[in-house]
Amino acid sequence: MDFISSNIAELPPSQTLSIADTARQMLDEGKDVCSFGAGEPDMDTPNHIKQAAIKALEAGETKYSPVTGVPALKQAIAEKFIADNNLEYSLDQIVVSCGARQSCFNTLLATCGPGDEVIIPAPYWTSYPEMVRMTGAEPVIVETTQETGWKMTADQFDEAMSPMTKLVILNSPGNPTGAVYTKEELEKIGEVAASEDILILSDEIYEKLIYGEAEHVSIASLSDELKELTITVNGFSKAYSMTGWRLGYLAAAPAIAKAVASIQSHTTSGPTTFAQFGGIAALHGDQQIVSDMRDEFDMRRLYMFNRFQAISNIRVIEPEGAFYFLVNIEPIGIKSMNFAEKLLSRREVAVVPGIAFGADHTIRFSYATSLDIIKNGLDRFEEFCRSH
Ligand code: PLP
């Protein structure tokens with residue numbers, strides 16, 4: 001008897017999570033592993049956010065939340081969109097969720113199905129293609145290269161389109177590449193999308209982690225037409241180090257927001273009520289904590305960039321956002337899984353193989369870990385590369 005549905009039978013487990021599990025197991029066994037696998041900030045959630053949730057619990061905020069979120073949080077999110085993204089949304093256009101991941105999936109489920117194609121630039125966040133497949137739609141992968149900064153050009157987007165194209169996924173700043181699309185690049189991509197009424201899922205979860213001269217631009221803010229077509233996803237996980245709180249949100253045209261709310265009402269219902277009070281405190285509180293965290297990541301980023309540049313048989317470009325380096329290991333001539341397994345077993349350094357992101361010639365290093373681990377891990381990584 002085959003109990004698993006045909007929809008799910010082919011679904012591979014998240015490869016980013018499986019490497020992290022092995023590394024954790026080795027650490028538990030007392031091994032001196034330097035892990036670069038983390039997908040979450042290594043800082044704790046700021047205290048005023050925790051205190052707001054504790055206060056909410058004590059005040060009895062322990063019942064079901066409205067499906068689309070507590071009104072005060074939705075109001076704070078609407079104000080954040082105006083202040084940070086130049087985007088005005090009414091509260092019925094905002095759906096608070098149990099994380100950006102859920103917002104992405106619900107968006108896809110609400111808008112895509114069998115017969116539809118969804119364009120995804122690679123290297124991509126590992127969950128996008130699987131989420132698309134779970135809706136019955138087909139992912140169409142557009143390969144990008146280091147030469148274009150790991151970014152899809154408007155021409156590539158145009159070429160990948162077919163009469164079945166329903167939606168394109170953009171993720172800027174990007175995981176795993178750290179790439180940040182400029183306003184001009186988004187304008188060109190937006191022009192192509194608008195010409196065929198293609199929806200845009202803009203995953204902006206790393207918005208606050210941006211470095212150097214780069215600026216975050218929400219594609220929805222570029223024109224009224226693009227605002228209609230775009231579902232903007234964001235959340236609290238990365239900016240406020242609240243990954244375990246499971247709190248995210250999206251904003252979209254009213255009909256899409258309504259469809260997403262309907263899915264949510266029949267699945268998870270509203271996110272955890274007292275966690276949402278933490279979210280309000282995060283948005284209303286002092287944003288200095290966000291820039292302090294960003295500065296810490298920036299210092300690590302610059303250190304790592306210098307170290308990587310000194311290794312002759314790998315290629316890196318400077319990431320402008322998020323907390324990842326995507327390292328091109330093509331000159332070494334080993335596929336990413338094999339490379340990552342050897343690096344872990346021989347030098348006890350954990351990285352994520354690029355195959356998880358549709359880029360088998362790469363590995364991903366996260367710098368959401370201490371500078372001591374980074375220094376030690378890069379010494380070992382350098383030795384490993386020199387031995388090849
Ligand atoms: N989107 C991207 C690109 C991510 O990298 C992640 C987490 O790694 C998420 C969404 C998930 O965010 P959340 O924790 O809010 O569900």
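Predicted model: local features only at pLDDT ≥ 70, side-chain atom pairs only at ≥ 80, totals over all residues.
The ligand is surrounded by 13 residues, and the closest of them are A100, N175, D203, S237 and R246. Several polar contacts can be followed from oxygen atoms of the ligand into the protein. S237, already named among the closest residues, places a polar side-chain atom 2.7 Å from a ligand oxygen, while K238 has an N or O atom of its side chain 2.8 Å from an oxygen atom of the ligand.

On the surface, the residues F3, I4 and I8 form a nonpolar patch, and together they have about 340 Å² of accessible area. One of these residues, I8, belongs to helix α1, which covers residues 6–9. I8 counts as partly exposed because its relative accessibility is 36%, a value that falls between the limits of 20% for buried and 50% for exposed residues.

Turning to the backbone, the model contains a cis peptide bond from A122 to P123, with omega near 0°, and P123 is found in the loop that runs between strand β3 (117–122) and helix α6 (127–134). Another cis peptide bond leads from S172 to P173, where omega is near -10°; P173 is placed in the loop between β5 (165–171) and α8 (183–195).

Positive phi values also deserve attention at two residues that are not glycine. D197 has a phi of about 55° and is located in the loop between α8 and β6 (199–203). For A322, phi is near 60°, and the residue lies in the loop between α12 (288–309) and β9 (324–328).

Which of the two terms, buried or exposed, applies to D197, and which to A322? D197 is exposed, because its relative accessible area is 55%, and the term exposed requires a value over 50%. A322, by contrast, has a relative accessibility of 0% and therefore counts as buried, since the limit for that term is under 20%.

Conventions
Residues numbered from 1 in each chain as written. Heavy atoms only, no water. Near = heavy atom within 4 Å. Polar contact = N/O pair within 3.5 Å; in protein donor to acceptor, adjacent residues only side chain to side chain. Patch = residues over 30% accessible without salt bridge, like charges linked within 9 Å, V, L, I, M, F, W, Y side chains within 5 Å. Areas by Shrake-Rupley, 256 points an atom, 1.4 Å probe, with all protein chains shown as cover. Salt bridge = Lys/Arg side-chain N within 4 Å of Asp/Glu carboxyl O. Helix = DSSP H or I, 4+ residues; strand = E, 2+ residues; numbered from the N terminus. Buried < 20%, exposed > 50% of the residue type's maximum accessible area, 1.4 Å probe, protein only.
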